[in-house]
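User: Hi! Could you walk me through this one before I set anything up?

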Amino acid sequence: MHPSTPSQPDDQPADTLADELPSKLASGLAKVGLVMRHQAWKAADHAGLSPTQAQVLALLHARTTGDGLTMSQIAAELAITPATLSDSVAALERKGLASRARDQRDARIVRLSLTPEGARHARQNAGWPDVLLAAIDTLSDDERAVFIRALIKMIHSLQAAGQVPTARMCPTCTYFRPNAHDSPERPHHCAYVDAPLAELDLRLDCPEHTPAPAPEAQRTWQLFVHGAPLTPRRPAKPAKPAKPAKPAKPAKTTKSAAARARRVRSPQPRKES
Ligand code: SF4
């Protein structure tokens with residue numbers, strides 16, 4: 001056998017193969033992550049920015065609704081320390097790409113927003129690297145649907161572990177109704193746009209996302225993962241237990257019956273002839 005030829009699955013017990021699967025998947029994800037990081041660095045370098053500066057511009061471009069974002073919001077979104085962010089923001093201000101200003105309603109809050117030059121810059125560099133989009137294009141619709149569900153579950157788990165700061169995904173949104181429709185093509189529903197959703201329609205970073213409150217979020221997540229309908233039919237009422245039979249009333253004793261009973265209990269002695 002060629003040294004690089006992988007061993008056949010028959011050669012190994014099934015439990016060994018299953019044990020190796022998480023490592024194989026993690027290794028594959030690391031390879032994709034490496035490509036993404038490399039592409040991001042290349043694009044940032046080309047634009048004369050550090051990777052963090054490029055991330056700050058991209059975030060402001062994606063999230064800014066006019067007022068900009070606070071420093072703590074940006075640090076949380078990018079999962080970086082305030083010190084790292086502070087250096088990057090100072091550099092962006094020097095380059096004329098972003099500026100800080102006090103909030104008009106609360107002067108204690110400072111917000112960072114894009115300058116017109118920064119917005120132009122962010123627009124030009126928005127979008128994912130072609131090489132990554134080309135790789136995703138090789139997947140069939142079925143493979144994408146499985147992939148997006150797998151990603152949502154992984155991101156949800158990482159978020160619960162405190163490793164992903166924010167994830168504006170459908171299954172954590174108050175407007176999401178998992179498995180609300182009988183249609184296998186479009187089983188879910190978005191109450192915000194009042195439209196059915198296919199698995200491929202699920203969003204991982206939706207601007208309209210509104211976090212569901214804790215008990216509702218947990219229920220929605222369980223329904224999404226386990227495929228149960230949102231409003232399951234009420235289970236049939238259990239049959240009422242049969243009433244215990246009433247003890248039979250003792251039969252009314254008539255005079256003749258009482259007399260018969262006395263006769264049974266106390267047989268009369270025979271008359272001597
Ligand atoms: S508002 Fe956005 S995140 Fe929420 S269910 Fe609709 S599409 Fe999904």
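**A walk through the model**

Analyst: Happy to! Of the 273 residues of the protein chain, 14% count as buried. Keep in mind that this is a predicted model.

User: Thanks. How many helices and strands are there in the protein chain?

Analyst: The protein chain has 9 helices and 6 strands. As for contacts between residues at least 6 apart in sequence, 54% of them join residues at least 24 apart.

User: Which residues have the most contacts inside the largest nonpolar core?

Analyst: Those are Val56, Leu57, Leu60, Val89, Ala98 and Leu114, in a core of 15 residues. Two or more residues each come from helix 2, helix 3 (71–78), helix 4 (82–94) and strand 3. Helix 2 contributes the most, with 4 residues.

User: What is leucine 57 in contact with, leaving aside its neighbours within four places in sequence?

Analyst: With that exclusion, leucine 57 is in contact with Leu97, Leu114, Gly118, His121 and Ala122.

User: And which residues of helix 5 are buried?

Analyst: In helix 5 (residues 116–125), the buried ones are Gly118, His121 and Ala122. Looking down the axis of helix 5, these buried residues fall within an arc of 95 degrees, so they line one face of the helix.

User: Why would that spacing put residues on one side?

Analyst: An α-helix has 3.6 residues a turn, so residues three or four places apart point the same way.

User: Switching to the strands: in what order do the 3 strands of the open sheet come?

Analyst: The order is 1-3-2, with antiparallel pairing. Strand 1 (69–70) and strand 2 are the edge strands, each pairing on one side only. Strand 2 and strand 3 are joined by 5 bridges, and alanine 98 stands opposite leucine 114 of strand 3. Both alanine 98 and leucine 114 are on the list of core residues with the most contacts.

User: Now the ligand. Which residues are around it?

Analyst: Around the ligand are Cys170, Cys173, Tyr175, Phe176, Cys190, Tyr192, Arg203, Cys206, Glu208 and His209. By class, that shell has 7 nonpolar, 1 polar and 2 charged residues.

User: Where does asparagine 179 sit, and what is its phi?

Analyst: Asparagine 179 is in the loop between strand 4 and strand 5. Its phi is positive, about 50 degrees, although asparagine 179 is not a glycine. With 17 other C-beta atoms within 10 Å, asparagine 179 is partly exposed.

User: What about aspartate 194, where is that found?

Analyst: Aspartate 194 is in the loop between strand 5 and strand 6 (195–197). This aspartate has a positive phi of about 50 degrees, and it is not a glycine either. Aspartate 194 counts as exposed because it has 8 other C-beta atoms within 10 Å.

User: Last one: is glutamate 185 buried or exposed?

Analyst: Glutamate 185 is exposed, with 9 other C-beta atoms within 10 Å. You'll find glutamate 185 in the loop between strand 4 (176–177) and strand 5 (188–190). Its C-alpha atom is separated by 5.8 Å from that of alanine 198, 13 residues apart along the chain.

How values were computed: Residues numbered from 1 in each chain as written. Predicted model: local features only at pLDDT ≥ 70, side-chain atom pairs only at ≥ 80, totals over all residues. Buried ≥ 20, exposed ≤ 12 C-beta atoms within 10 Å, placed from the backbone. Arc of directions from axis to C-beta. Near = placed C-beta within 6 Å. Nonpolar A, V, L, I, M, F, W, Y, C, P; charged D, E, K, R; others polar. Core = buried A, V, L, I, M, F, W, Y, C linked by C-beta atoms within 7 Å. Contact = placed C-beta atoms within 7 Å. Pairing = 2+ DSSP bridges.
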